[in-house]
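Dear colleague,

Please find the structure below for your records. My findings follow it.

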Amino acid sequence: MQQTALIEGIHQRFQGILGHVRTKYPERAWMYEPAAKYFELLRDDLAQGKPIAWYFFLVTPEIFRAMDVATCSPEYVGSVVSSFPEGIKRYVDVAEEKVPDYMCTVNKFTIGALLAGDMPYPDMMIHAIGHPCDSASAIHPMLANYLKVPDFGLDTPYWDTPRSYKYFAEELGRAVAFMEQQTGRKMDVARLREVVENSNRAQEYVLKLAELRKRVPCPLNGRASAMTGGAIMALAGTPFLVDWVARQYELARARAERGEAAVANERIRVVWIWLPTFFDLGILDWMEQKYGAVCVMDLINHYSNKPIEDLSTKEKMLEGLAHKTLDYPMGRHGRGPVDLYLRECLTLCQEYKADAAVFAGHVGCKYAWATAKVVKDAIRAELGIPTLTFEFDAFDPRTASLDTIKERLAQFIEAIL
């Protein structure tokens with residue numbers, strides 16, 4: 001079926017990559033396993049004819065997995081496709097014939113892939129209002145109207161207060177009721193508990209990994225942070241994520257106990273305080289190999305939420321998931337006042353003993369660019385370390401090529417050494 005061509009193609013590609021890597025470079029297989037599992041699960045769900053739920057990537061996916069629907073985040077799909085040699089340029093170009101060029105590129109991917117007939121059409125859409133991406137908030141209702149499918153917009157609060165969390169838990173409850181209406185079946189509370197338990201177990205390892213990254217030298221490389229963040233976004237609630245993160249933790253713990261570093265010549269510790277170069281995460285490897293510059297923490301992949309304690313009822317679990325969703329990276333940085341984002345940048349730079357920070361300003365994140373100078377000045381004033389800021393497109397190298405970004409990073413790092 002043409003509508004599933006893209007998902008089937010990605011699934012087949014990852015199966016080929018894993019087969020090759022496990023034979024030739026088994027030590028690298030961990031990097032590809034989470035995305036391969038996500039597209040395997042999505043492909044299988046589509047093949048079984050399950051209802052398809054499109055969801056915004058900053059909405060934690062446990063409720064969708066518990067409802068046993070095909071769980072599809074177009075933003076996650078786009079970020080993965082952007083890393084392929086052909087990237088997402090074709091879909092972006094298709095979309096730009098219909099939408100403004102200032103829209104976020106990953107949202108253009110969604111529109112372009114849809115217009116090309118390659119994305120599976122949703123049966124329902126769950127999106128977030130003001131959490132925190134203006135571009136996403138605009139396109140999801142528009143696409144629902146264009147496709148004539150029912151959608152539910154989660155109203156995310158501005159502040160982080162007990163009242164805010166209670167309100168958003170009620171919003172998640174209404175979203176569940178919406179899915180129940182669309183699917184004709186009730187949420188299985190036992191299944192939700194199983195999913196949340198898996199999510200909790202994985203998060204316990206994620207928090208331990210974050211603590212290990214504070215060590216000098218760092219026992220994990222920069223790519224590991226980005227891979228872990230992507231795995232959480234795509235696979236929270238699955239047994240696979242528990243096993244995968246546990247393996248990463250045990251390897252890192254053993255390395256730390258031996259006093260070994262992930263990068264033998266660690267010279268500079270960097271905290272990356274906005275979007276990674278999704279179109280080529282190899283830039284992190286280049287920084288390490290050429291300069292010994294290790295990305296010890298990546299703000300957008302810093303999942304700091306605590307495991308959900310009370311799993312006694314559906315309502316209590318939804319309260320926990322409300323906390324988790326509002327605490328998602330990027331979401332928690334853009335909903336409230338700039339002080340929240342500023343304070344976290346300062347805290348991470350201090351706790352992870354950073355020598356420098358990097359603000360990679362994605363062209364689609366207008367709200368983030370409004371904070372760049374404030375954060376840069378505060379980091380210099382309070383911690384005495386420099387911050388590099390540059391503009392690029394996290395998903396499309398045509399705005400700033402990999403060579404251009406490397407040149408900026410090289411000038412910055414060489415000035416510090």
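Which element gives the most to the lining of the largest cavity? Helix α10 does, with four residues. Helices here are DSSP runs of H or I with at least four residues, and strands are runs of E with at least two, numbered from the N terminus.

This is a predicted model, in which local features need pLDDT of at least 70 and side-chain atom pairs count only at pLDDT 80 or more, while totals for chains, interfaces and linings use all residues. Residues are numbered from 1 along each chain as its sequence is written, and side-chain values use heavy atoms, leaving out hydrogens and water.

The structure holds two cavities of 30 Å³ or more. A cavity is a set of points on a 1 Å grid over the protein atoms alone where a 1.4 Å probe fits but cannot get out, and its lining residues have an atom within 4 Å of a point. The volume is the space filled by probe spheres set on the points, which are joined across faces, edges and corners.

The largest cavity has a volume of about 150 Å³. Of its 15 lining residues, V206, L209, R213, S225 and T228 are the closest to its centre.

The second largest cavity holds about 40 Å³. Its lining consists of S199, A202, Q203, V206, I232, A236, L241 and K324, with the largest share, four residues, coming from α9.

N305 lies in the loop between β6 (293-298) and α13. N305 is buried (under 20% relative accessible area), at 8%. Beyond its neighbours within four places in sequence, N305 is in contact (heavy atoms within 4.5 Å) with Q203, L207, K324 and D327.

Yours sincerely

Note on methods. Buried means under 20% relative accessible area, exposed over 50%, partly exposed in between (1.4 Å probe, protein chains only). On a 1 Å grid over the protein atoms alone, a cavity is a set of points where a 1.4 Å probe fits but cannot get out, and a pocket is an open set with protein on both sides within 12 Å along at least five of seven lines; lining residues have an atom within 4 Å of a point.
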